[in-house]
Amino acid sequence: MNSRGKYPAPMLRKMKKKHEDRFRQAAAYIEAQFTDHTRAATVHYATTLDALHAAIGVDKLTPDEKHDDVAMVNTIADRLAELTRPARSLLSFLVQADAVLGIAEVSRRTRRSQSEISSTMEELDRLGYAYLEHEPDEDEPRGALKVYDHDSFDGWPFWDGLRTFLDEHHTLTT
C-alpha cells in the first residue's frame, strides 16, 4: 500500500519540525543546567573611593593615587566576580567576622553543612582568598577557616579597610 498521498510533504515537514523541537528543547534544558553563572555576574565598578578612604582615615591622596586605588578596587571586583555566589557569601562572612572561626562554628552560624563549607573553601583556596587550616595553632579552633593576607593589593590591608568601611556604613555585601 502506497502512503505517498496520505502524508503530503508539508505535513511531513511539520511532523519532523515538531519532533526535532522536542529534542532541541531538552538539549537546551540540559545545557542550561551547566551554565557558568559567574560569567553572568554584574560587576558594579567604583568611580570614587571617598567614603572608603574617609572610613580608613586616608585623606591626603593625590588624584593619581586616588585613580590607582579605584583601578585596584575594580580589579579586585573583577576577581571577586569569578567566585560563585556561595563562595562570595562565605568570603563576606569570614571578612566581616574578623576572627578565626572553626568549620563547625561557621556551619552553625550560616546553617550550611560542614561538607558544603569545606567544598566552598576549596574554591576560595584555589582562587587565593581563604583556606581551611588543617593544622591550626593550639589557640585556634579545629578546622580553622582563614582569609589570606593579600600582598597583591600593593601592601594595602584591603580586607581590614573593607571591614572598617562596612562597620561604619552597616553594609553587608555578598
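Visitor: Which residues of H4 meet which residues of H6?

Guide: In this predicted model, Pro86, Ala87, Leu90, Leu91 and Leu94 of H4 meet Ile117, Thr120, Met121, Glu123 and Leu124 of H6. Contact here means heavy atoms within 4.5 Å.

Visitor: What makes H4 roughly perpendicular to H6?

Guide: Two packed helices are described by the angle between their axes and the distance between the axes. The axes of H4 and H6 come within 9 Å and cross at roughly 90°. Angles from 65 to 115 degrees count as roughly perpendicular, so H4 is roughly perpendicular to H6.

Visitor: How do you know that the length of H4 agrees with its number of residues?

Guide: Helix H4 covers residues 85–97, which is 13 residues. The expected span is 1.5 Å times one less than the number of residues, so H4 should span 18 Å. Its end C-alpha atoms are 18 Å apart, and therefore the two agree. Just after H4, Asp98 takes a positive phi of about 50°.

Visitor: Which residues of H4 are buried, and what covers them?

Guide: Ala87, Arg88, Leu90, Leu91, Ser92, Leu94 and Val95 are buried. Their cover includes the helices H3, H5, H6 and H7 and the strands S2 and S3.

Visitor: What does H4 give to the largest nonpolar core?

Guide: That core has 25 residues, and those with the most contacts inside it are Met121, Leu124 and Leu145. Two or more residues come from each of H3, H4, H5, H6, S2 and H7. H4 gives the most, with five residues.

Visitor: Which residues does Leu124 touch, leaving out those up to four places away in sequence?

Guide: Leu124 touches Leu83, Ala87, Leu90, Leu91, Tyr129 and Ala130.

Visitor: Why is Ser107 called buried?

Guide: Buried means under 20% relative accessible area. Ser107 has 15%, so Ser107 is buried. Its place is in helix H5, residues 103–110.

Visitor: What lies 2.6 Å from a polar atom of the side chain of Ser107?

Guide: The backbone oxygen of Arg112 does. Not counting residues up to four places away in sequence, Ser107 touches Arg112, Ser113, Gln114 and Ile117.

Visitor: How many helices and strands does the protein have, and in what order do they run?

Guide: The protein has seven helices and three strands. From the N terminus on, the order is α-α-α-α-β-α-α-β-β-α. Of the 174 residues in the protein, 27% are buried.

Key. Residues are numbered from 1 along each chain as its sequence is written. This is a predicted model: local features need pLDDT of at least 70, side-chain atom pairs count only at pLDDT 80 or more; totals for chains, interfaces and linings use all residues. Side-chain values use heavy atoms; hydrogens and water are left out. Helices (H or I, at least four residues) and strands (E, at least two) are DSSP runs, numbered from the N terminus. Buried means under 20% relative accessible area, exposed over 50%, partly exposed in between (1.4 Å probe, protein chains only). A polar contact is a pair of N or O atoms within 3.5 Å; within protein, one must be able to donate a hydrogen and the other to accept it, and residues adjacent in sequence count only if both atoms are side-chain atoms. A nonpolar core is a set of buried Ala, Val, Leu, Ile, Met, Phe, Trp, Tyr and Cys residues joined through side-chain atoms within 4.5 Å. Axes are lines fitted to C-alpha atoms, for helices over the stretch in contact, and angles run from 0 to 180 degrees between N-to-C directions. Angles under 35 degrees count as roughly parallel, over 145 as roughly antiparallel, 65 to 115 as roughly perpendicular and the rest as oblique.
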